[in-house]
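Subject: Structure for you to look at

Dear colleague,

I am handing over the structure below, together with an account of what was found in it. Please have it open while you read.

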Amino acid sequence: MPDAGLLPLGLSVHCRRVRLALRLVALVIGCSGLILWLVGGLHMGWSKSTETRTEIDEVTGLEYPVTENKYVLGVELLGATLAVSGGLFGLSLAFRKPSRPDKQSDAGTSLTQL
Amino acid sequence: MKRLYKSKLAWALAIAVAPGVLNAGPIKFDFKDPKKVNNVVFLLDAPLESINGTAVGVSGTVTFDPAKPAATTGKIVLATSSLHVDNPVMKGHLLDEKWMHASKFPTIEFIVEKMTKVKTSGTTTTATIVGKLTVKGVTKKVTVPVRLTYLKGLLIKRNRVPGDLLVLRSDFIIKRSDYGINAGISEDKVSDEIELKLRVAGAAPH
């Protein structure tokens, strides 16, 4: 894990950019998954590539299936997108803000006082 | 002259009506349905959501006598490749070797041998079919409830040709372990019992 506080200025800027990029990607992936799931009608089952509805034949009164191509995001893919999103956010925490040297010395003093 | 016309008209009417009158006897109904209304729904219980599939590749013939419904015999055939579930991965598994092995066993067959406990009320007959069900090459004797509705002369409304319709509805349960459908495997994920709903109509043009 890189400690940005001990890195030269160029590298700490790089860390901040990576962290921001990771969080943005995490946000985009998480939101995309959620939006697709909401658009699909909060489907609580597995993902589907077709949707089957039932119609009734007027003459015989028989119920019959009508299948049409329609992608519906299921909970397993929603879970996967949220997991990837969470993972990227977690990874972004590894690229911490460089802490100021004066704060570091303060912390050291208080520890020695104890 | 007028009398001659009248008698000719009477003969013409008699000839036109005759097939309907002479039809009193067994009628052969063809269950092949290009409109794909004939269908079988299958349900299997599973933890996240029940597996709800359909199949529309129905064919076969049933001989039905409105005067003697107990004498009904016939065969309903279902194309295994027409089995459908909305999840593409699940459909792949369903048709593969472990489950239905559609390439080796292209049809599911239901033979009606005899009917018992027959009760007729108007156009509807309820009964119990004693027959043979063949799934994945395994044939088992089955006894299933059935409801038959004889719709005389209604084929013209459906197919634009004169004739009769026979609607057959049956709900029953089979066990996949009985037919070697991935028997004994993943029963915690997919139930052993398969609920089947048969909804088919046969046509008998005059």
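A salt bridge is counted here where a side-chain nitrogen of Lys or Arg lies within 4 Å of a carboxyl oxygen of Asp or Glu. Please keep in mind throughout that this is a predicted model.

With that rule, the count between chain A and chain B is one salt bridge: A:Asp57 pairs with B:Arg158, and their closest N and O atoms are 3.4 Å apart. Because the cut-off is 4 Å, the distance of 3.4 Å between A:Asp57 and B:Arg158 falls within it.

On the side of chain A that touches chain B, the strands β1 (48-56) and β2 (63-72) of chain A each supply at least two residues, and β1(A) gives the largest share, namely five residues. By type, the residues of that side of chain A divide into seven nonpolar, nine polar and four charged.

Taken as a whole, the interface brings 20 residues of chain A into contact with 24 residues of chain B. The area buried between the two chains is about 1700 Å², with 63% of it given by carbon and sulfur atoms. In chain A, the residues that lose the most area to chain B are A:Trp46, A:Val59 and A:Leu62, which together make up 36% of what that side buries.

Turning to chain B itself, its secondary structure comes to three helices and 11 strands, and from the N terminus on these elements run α-β-β-β-β-β-β-α-β-β-β-α-β-β. Chain B has 206 residues, of which 44% count as buried, and its accessible surface comes to about 11200 Å², with 59% belonging to carbon and sulfur atoms. Among the contacts in chain B between residues at least 6 apart in sequence, 57% join residues that are at least 24 apart.

Leaving aside neighbours within four places in sequence, B:Thr116 is in contact with B:Ala127, B:Thr128 and B:Val130. B:Thr126, which is 10 residues away from B:Thr116 in sequence, is 9.3 Å away in space, C-alpha to C-alpha.

With kind regards

Terms used: Residues are numbered from 1 along each chain as its sequence is written. Chains are lettered from A and ligands numbered from 1 in the order in which they are written. This is a predicted model: local features need pLDDT of at least 70, side-chain atom pairs count only at pLDDT 80 or more; totals for chains, interfaces and linings use all residues. Side-chain values use heavy atoms; hydrogens and water are left out. Helices (H or I, at least four residues) and strands (E, at least two) are DSSP runs, numbered from the N terminus. Buried means under 20% relative accessible area, exposed over 50%, partly exposed in between (1.4 Å probe, protein chains only). Contact means heavy atoms within 4.5 Å. Accessible areas come from the Shrake-Rupley method with a 1.4 Å probe; for residues, only the protein chains shown count as cover. Buried area is the accessible area (1.4 Å probe) that two parts lose on being put together, summed over both. Ala, Val, Leu, Ile, Met, Phe, Trp, Tyr, Cys and Pro count as nonpolar, Asp, Glu, Lys and Arg as charged, and the others, Gly among them, as polar.
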